[in-house]
Amino acid sequence: MSTIDIVVPCYNEEEGLAHFVEVTNSVIDTIPQHKFRYILVNDGSRDKTYLVMKQLAEKYSNIKYISFSRNFGKEAAMYAGFQHTTGDYVIVMDADLQHPPHMFPQMIKEVTENGYDCCALQRTAREGESKFRETFSKLFFRLQNAMSETKMPYGAVDYRIMTRQMVDSILELSEVQRFSKGLFSWVGFNTKWLPFQTVDRELGTTTWNFWKLFKYALDGITSFSVAPLRFISCMGIVIFFIALIYILITLVQTIIFGIDVPGYATTLMILLFMGGIIEFSIGIVGEYLGRVFMETKDRPIYIIHHTNFTEDEKK
């Protein structure tokens, strides 16, 4: 009998966590040939998520939990969960039931019978999603794939099952500023993609907004591509040649027609344009420099406040 760990990052999931476990258990009960264990990770929730976890752990013997000292982010929560897994296979999913547990049997079959190292879900549609957010999501995946050698299919989500070997490979990547979608693709391995349609969460409210998604997308681009830095270099060369041509034109006009004093508007436009380019360039360089700064601090990715893992169970 193979063992499967289910890693579930949680942030303010007080209302829906118990329901999530109940629904997932109903699916697990139909797969008796595998032994399942939950690893619930409380990412510094502001509600009573930690207390709900404790109650669930007292009720079900196959539930383990980790509670952070503060909010370190979903990426850190997933990493912590992976570090505490020992199963032959590992599933990672959200606790809001937008990642449907009823797909477990099909996902497990792909890695246990069909020879895949990973079976991941690819979102084809989402109920209630605005056109603006959908367009932004498509733009991100196109930019990411155009600028990076690490390719991700449109609609790729974190929900997936992985072999022990793939999880161990991901754990070797111990960078602080993580972008798991990219890491899953970067380590390689043979992945089966299954289409699915997400639905609105049944309980609780989402903590994601456009600004968080934008920063998340920016992390993804800067984590796996240096194309923006190369873009600055190319832009600098183009601006240099444009400036050279403008200088030659101005020089010829001066020789032929004499000094033309009027030119305030042109000069102002050039200065404003160049100032904007410089600020933009500094911003891009700053993003990369900031990532280097955070990595060189060598701070822990997360800090555990409470857990029901024993010392023998910890890695």
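## Charges over rings

R70 lies over the face of F72, 3.9 Å from the ring centre. K64 is placed over the face of F309, at 5.9 Å from the ring centre. A charge counts as over a ring if NZ of Lys or CZ of Arg is within 6 Å of the ring centre and within 35 degrees of the ring normal.

The model is predicted: local features need pLDDT of at least 70, side-chain atom pairs count only at pLDDT 80 or more, and totals for chains, interfaces and linings use all residues. Residues are numbered from 1 along each chain as its sequence is written, and side-chain values use heavy atoms, with hydrogens and water left out.

## Aromatic pairs

The structure holds eight aromatic pairs. Rings of Phe, Tyr and Trp (its six-membered ring) pair if their centres lie within 6.5 Å; planes under 30 degrees apart count as stacked, over 60 as edge-to-face and the rest as tilted. The F82 and F184 rings have centres 6.4 Å apart and planes at 65°, so this pair is edge-to-face. F82 belongs to helix 3 (residues 74-83) and F184 to helix 7 (residues 180-186), so the pair ties together parts that are 102 residues apart in sequence. Helices (H or I, at least four residues) and strands (E, at least two) are DSSP runs, numbered from the N terminus. Both F82 and F184 are buried, where buried means under 20% relative accessible area, exposed over 50% and partly exposed in between (1.4 Å probe, protein chains only).

F104 and Y159 form a tilted pair, 6.5 Å centre to centre with 50° between the planes. F104 is in helix 4 (residues 104-112) and Y159 in strand 6 (residues 156-163), so the pair ties together parts that are 55 residues apart in sequence. F104 and Y159 are both buried. Elsewhere, ring pairs link F68, F72, Y79 and Y302 into a cluster; F72 is also the ring under R70.

## Strand 1 and its partners

Eight of the nine residues of strand 1 (residues 2-10) are buried, so the strand is largely enclosed by the rest of the structure. Strands pair if DSSP finds at least two bridges between them. Strand 1 runs parallel to strand 2 (residues 34-42), joined by nine bridges, and V8 has L40 of strand 2 as its bridge partner. Strand 1 is also parallel to strand 4 (residues 89-92), with four bridges; here V7 is partnered by V92.

Strand 1, helix 1 (residues 17-28) and strand 2 make a right-handed β-α-β unit. Right-handed means that, with the strands pointing away from the viewer, the path from the first strand over the helix to the second runs clockwise.
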